[in-house]
Amino acid sequence: MHSRDPRAWIADVVSYAFIAITLILTVTPIVWTFLSSFKFATDIATVPPKLLFTPTLENYRIVIEQGSLLPGLRSSVIVTLGATILSLLIGAPAAYYLARSGGIVSVGLGGIVMSTRFIPVIVLLIPLLIAFRSLRLTGSFYGLMIAYQLATLPFVILVLWAAFTQIPRELDEAVLIDGGTPFTAFLRVNLPLAAPSVGAATILAALFSWNQFIIPVIIGSGGGAPLAIMGFARYAGGEEALADWGPLSAWASILMLPMIAGAFVVQRHLIAAFGGEAPSNSS
Amino acid sequence: MSKQKQPLYFVAPLVVVLAIVYVYPVYFAIRVSFFKWLFTRPDLIGFNGLENYARALTDKTLLDSLITTTVYTLASILIVVVWGFLIAYVLNRRRRGRELIRGKPIILTVLTCSAIIAPAVIGGVFRVFIWDPAYGLANYVLSLAGLSPLGWLVDTNTALMAVVLTEAWLRVPLAVLILDAGIRRVPPEPFEAAKIEGASALDEVRFILVPLIKPQLFTVVLFQLTFAFRQFDLVFMLTGGGPANATNLVSIYIYKMFSQHTNLGYASAMAVVVTLVLVVLGLIILALSGRPEERLVET
C-alpha cells in the first residue's frame with residue numbers, strides 16, 4: 001500500500017459502498033421473490049426473514065394446476081411476437097423516411113409519434129375499443145397487437161431514426177445511380193448497416209410488449225386465453241394470494257425470469273438501447 | 001446537404017396504424033368530452049357543451065389527484081436524477097488512469113434487471129414482500145436499525161412515499177444507463193485543465209461535468225416526467241389508488257371513472273385536462289433544456 005491522501009481513500013471506500021448498496025437494493029426484491037417461490041407458506045411469512053429453508057416446488061404446482069398460467073403464457077408469447085414484428089415492419093421504413101426526408105410530412109409525423117408520450121394511455125383505450133368493434137378486431141389477438149403499437153412504435157422509431165441518421169446519404173445516391181429504387185437502398189444498404197440498432201429496437205419492442213398491462217386489461221385478449229400478466233394481476237389481487245404468498249412469488253418469478261435471462265444474453269444491446277447509445281442527430 | 005424526397009410508401013403503414021390507435025381515439029375523446037355519454041343509457045347521449053369541463057374544473061377529487069400525481073412525479077424525478085447521477089458518476093471515477101470500479105458492464109446489466117420487469121408484476125410483488133407491515137422487508141430493515149415499523153401502503157401518511165420509492169426503484173437504473181452514456185463521452189481535457197487550476201472534485205462536477213451532460217440530464221427528467229405522470233400499472237397493483245385516495249394518480253382516477261361511473265363524456269373531459277397539464281409541464285422542461293427538437297428525438 002502506498003501512502004495515499006486519506007481523503008481520496010475515504011472517497012474510494014464511499015464509492016464502493018455506494019455501488020454495493022445500490023446493487024443490493026436492486027437485486028434483493030427480485031432474489032427474495034425468487035427464493036420465496038421455493039418456500040412453504042410457513043417459511044415465507046416469518047420474522048426475521050428466513051434465508052435457510054427446505055425448498056419445495058409446491059408453489060409452482062399450485063400455480064400451474066390453477067390452470068390459467070400456461071395458456072396465458074402462450075397468449076403472451078403470441079401477442080409479444082406479433083406486436084414486435086409489426087412494430088419493426090411499420091417502424092423501420094417510417095424511421096428511414098423520417099431520417100432522410102425533410103418537409104411537412106416528416107416533421108408532422110415525427111411530432112405526432114413523439115406526442116403519444118404525453119397522453120395517458122388509459123385515455124385512448126376506450127375509444128380504441130369502440131373503433132376495434134367497428135373494425136371487427138376484437139375477436140382475435142390482432143387487435144391487441146395493433147393496440148400495443150401505442151407503446152412500442154415510439155421507441156422503435158426513435159432508436160432507428162437515430163441510427164439511419166448516422167448512415168451517409170451518399171450510399172443511397174450510389175444505389176439510385178446504379179438503377180436501384182429507394183426501397184432497395186433502404187432494404188439492401190441501410191437496414192443491414194443499422195443492424196445493431198435494429199437489434200436494440202427489437203429488444204425494446206419485445207420488452208414493452210411483454211410488460212403491457214393496462215392495454216390488455218381494457219382491450220381484452222380477443223377471445224383467446226387472458227395474457228399471463230392479466231392472470232397474475234387477478235391472482236395477486238385475490239384472497240388466496242394474500243393468504244399464501246408462495247404461489248404469488250412463483251407466478252411472478254415465471255414472468256420475471258425470462259426477461260432477466262434475456263437481459264444477460266443481450267446485455268450490450270439492452271444497455272445501448274436504454275442509454276441512447278446511437279449518437280443523436282447533431283443539428 | 002439538402003434532404004432528398006423519399007417515396008411516401010415508407011410511412012403509409014405508420015399513417016394507417018397511427019390513424020387507428022392514436023388519431024381516431026384522440027378525436028373521439030375530445031369530441032365525446034362535450035357530450036353526456038353513458039354506456040348504460042344510450043338514450044341519454046347528447047351534446048352538453050362545456051358542462052363536463054365545468055365539472056372537471058370544480059372536481060375536488062380530480063384536483064387532489066393532480067396534486068398527488070405532481071408530487072409523485074416531482075419526487076420520483078428528484079430521486080431518479082440524483083441517485084442515477086451519483087451511480088453513473090461513481091462508475092466513471094478514475095484512479096491513476098483506470099476505472100475505480102471494475103466490472104462496469106456486469107454492474108450495468110444487473111441494474112437493468114429492475115428496469116425490464118413489468119411494473120404490474122413489481123407492484124404485485126412489492127405490495128407483499130417489501131411493504132407488508134408484518135412480514136415485509138421494509139419494516140424488517142427498520143427494525144434492524146432500531147426504528148419502529150410503519151404501515152407503508154396501508155397508512156395514508158406513508159402510502160405515497162412507498163409508491164414513490166417503488167417507482168424510483170424501477171427507474172433509477174434507466175437513468176444510470178442514460179447518464180453513463182453521457183459521462184463516458186465527456187472528453188478528459190477540461191478536467192485536466194481544472195486539476196492544474198486546483199479545482200476541487202465538487203467544482204469539477206458542478207462547473208464541468210453537469211453542464212457537459214446537461215442533454216442527458218434533461219433526457220432523464222423528460223423520461224421520468226412522462227413515465228411517472230402517466231403511471232398506472234405499478235400503483236394500480238400496489239394500492240389501487242388507496243388508502244383513502246392517498247395514491248390516487250390521475251390515470252387511476254380516470255380508469256375508475258371509466259369503469260365505475262360509465263360517463264365517458266366526463267372521463268374524457270378529465271383526460272383532456274390532464275393531458276394539457278402534462279403537455280404544459282413537458283413544454284416547460286423542453287424549453288428549459290434549450291434545443292427542444294433535439295431532446296425530443298433523444299428521448
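Colleague: Before we start, which stretches count as helices and strands here?

Modeller: Both are DSSP runs numbered from the N terminus: strands are E with at least two residues, and helices are H or I with at least four residues. Residues are numbered from 1 along each chain as its sequence is written, while chains are lettered from A and ligands numbered from 1 in the order in which they are written. This is a predicted model, where local features need pLDDT of at least 70 and side-chain atom pairs pLDDT 80 or more, while totals for chains, interfaces and linings use all residues.

Colleague: Good to know! Where does A:R136 sit in chain A?

Modeller: A:R136 has phi near 55°, a positive value in a residue that is not glycine. Most residues other than glycine have a negative phi. As for its place, A:R136 is in the loop between α6 and α7 (141-147) of chain A.

Colleague: Is A:R136 buried or exposed?

Modeller: The call rests on other C-beta atoms, placed from the backbone, within 10 Å of a residue's own: 20 or more is buried, 12 or fewer exposed, and in between partly exposed. A:R136 has 10 of them within 10 Å, so it is exposed.

Colleague: And B:W152, is that one buried or exposed?

Modeller: B:W152 is also not a glycine, and its phi is positive, about 50°. Its place is the loop between α6 (137-144) and α7 (159-184) of chain B. Because B:W152 has 25 C-beta neighbours inside 10 Å, it counts as buried.

Colleague: Which proline of chain B is joined to B:G242 by a cis peptide bond?

Modeller: Most peptide bonds are trans. Here, though, omega is about -10° at a bond in chain B. The proline lies in the loop between α11 (233-238) and α12 (250-261) of chain B, and the cis bond links B:G242 to B:P243.

Colleague: Let's step back to chain B as a whole. What percentage of its residues is buried?

Modeller: Chain B has 14 helices and 4 strands. Its C-alpha trace spans about 80 × 65 × 30 Å along the principal axes. Of the 299 residues in chain B, the buried share is 47%.

Colleague: Now the interface. Which helix of chain B gives the most to the side that touches chain A?

Modeller: Contact here means that two residues have C-beta atoms, placed from the backbone, within 7 Å. In those terms, 79 residues of chain B are in contact with 82 residues of chain A. The top contribution, 12 residues, comes from residues 12-32 of chain B, which is helix α1.

Colleague: How many residues on that side of chain B are charged?

Modeller: Ala, Val, Leu, Ile, Met, Phe, Trp, Tyr, Cys and Pro count as nonpolar, Asp, Glu, Lys and Arg as charged, and the others, Gly among them, as polar. The side of chain B that touches chain A has 60 nonpolar and 11 polar residues, and its charged residues number 8.

Colleague: At roughly what angle do helix α6 (residues 121-134) of chain A and α1(B) cross?

Modeller: A:P127 and A:L128 are among the residues of α6(A) that meet α1(B), where the partners include B:Y24 and B:F28. The axes, lines fitted to C-alpha atoms over the stretch in contact, with angles from 0 to 180 degrees between N-to-C directions, come within 8 Å and cross at roughly 105°.

Colleague: How are α1(A) and α3(B) set to each other?

Modeller: The axes of helix α1 (residues 6-36) of chain A and helix α3 (residues 60-91) of chain B come within 10 Å and cross at roughly 125°. Their contact is made by A:S15, A:F18, A:I19 and A:T22 with B:L86, B:I87 and B:V90. Under 35 degrees is roughly parallel, over 145 roughly antiparallel, 65 to 115 roughly perpendicular and the rest oblique. The relation of α1(A) to α3(B) is therefore oblique.

Colleague: Last one: is A:L227 buried or exposed?

Modeller: A:L227 is in the loop between α12 (214-219) and α13 (228-236) of chain A. Beyond its neighbours within four places in sequence, its contacts include A:G72, A:V79 and A:P216. Because A:L227 has 30 C-beta neighbours inside 10 Å, it counts as buried.
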